Amino acid sequence: MEQTERRVPNRVATVTPRQRAARAARNGGEPTLEFAEQVPYDAYVQASTLHQLQRPLSDDPGEMSFLMVSQIMELYFGLTCHELRETQRLLRADRVWDALAPLRRAALHLEGLNAAWQGLRWMTPADFNRFRNLLGEGSGFQSAMYRHLEFLLGLRDPALIRPFRRQTEVYAALVAELAAPSLWEDVLALLARRGFDLPADLLDRDPAVEHEPQPAAEAAWVRIYADTRPQNDLRLLGEALSEVAEQFGDWRWNHVKAVQRTMGAKVGSGGSAGLAWLQRSMARVVFPELWSARTAM
């Protein structure tokens, strides 16, 4: 029996390779142009819905660029979180080799996220000011999915979920994320299972509290990188994690540059210190021992 493609329930009819080949033969190699109902691409991608989700607040044509790039970034936040959770699932099952694939995909998604900033390089303070006041207190600071991404990467501040208290489902999801181990904590737990000497208080700590660098974790990475054999899966894991951290750091730096370009040191729309707040936040390092260990290598 031929293997059919994965079904999307109630939306897209499955087509076997044999059916696809027969249809191509009937069409003489031309694409199918007639469908009984909704175009299958639209049924799967929901493109019609996506293109109705833009609600500009002004008549300024540049606002659409700002709005859609923000939406694209939200999608990338969600996609990266999806990959990091899959990485966690595999690491908890000690499937390090398998975990490298979603982790590498996450780094590529973050690269795409960084590229999205290019779509806003045209915006000067005058351009932004034409619609900024209409945003009210709306700010990227209030992105719940970005908070999920930060929490997964180990950057944890419980105070940052307070804006979502009246959005009960969103708030509950963020509370649950804070209560669960970050990706870095899952990595450290893996190292302990592999025989590296990590203190109990590092492995059994409150996950809602942001991780502080530990000498024992740094020493573990020094040992891992000293083993350059191709079969050293932990070394490859370290490199994949480094790429994720680097791409995420680039996104934060690109955010700083975008704010400098469009509003200088003005107070942020959400009430923060704007540029100064972003610059301070960059001091929080993702996977800190993976970087500090390089000094001792």
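This report looks at one helix pair and the aromatic rings around it in a predicted model.

## Ground rules

Local features need pLDDT of at least 70 and side-chain atom pairs count only at pLDDT 80 or more, while totals for chains, interfaces and linings use all residues. Residues are numbered from 1 along each chain as its sequence is written, and side-chain values use heavy atoms, with hydrogens and water left out.

## H7 against H12

Helix H7 (residues 144-152) packs on helix H12 (residues 233-263) at about 140 degrees, axes 12 Å apart. Helices here are DSSP runs of H or I, at least four residues, numbered from the N terminus. Axes are lines fitted to C-alpha atoms over the stretch in contact, with angles from 0 to 180 degrees between N-to-C directions. That makes H7 oblique to H12 (angles under 35 degrees are roughly parallel, over 145 roughly antiparallel, 65 to 115 roughly perpendicular, the rest oblique).

On the H7 side, Tyr-146, Leu-149 and Glu-150 make the contact; H12 brings Phe-248, Trp-251 and Arg-252 (contact means heavy atoms within 4.5 Å).

## Aromatic rings

There are eleven aromatic pairs in the structure. Rings of Phe, Tyr and Trp (its six-membered ring) pair if their centres lie within 6.5 Å; planes under 30 degrees apart are stacked, over 60 edge-to-face, the rest tilted. Tyr-146 and Phe-248 are stacked, at 6.1 Å centre to centre and 20 degrees between planes. They sit 102 residues apart in the chain, and both are buried (under 20% relative accessible area, with exposed over 50% and partly exposed in between; 1.4 Å probe, protein chains only).

How values were computed. Helix = DSSP H or I, 4+ residues; strand = E, 2+ residues; numbered from the N terminus.
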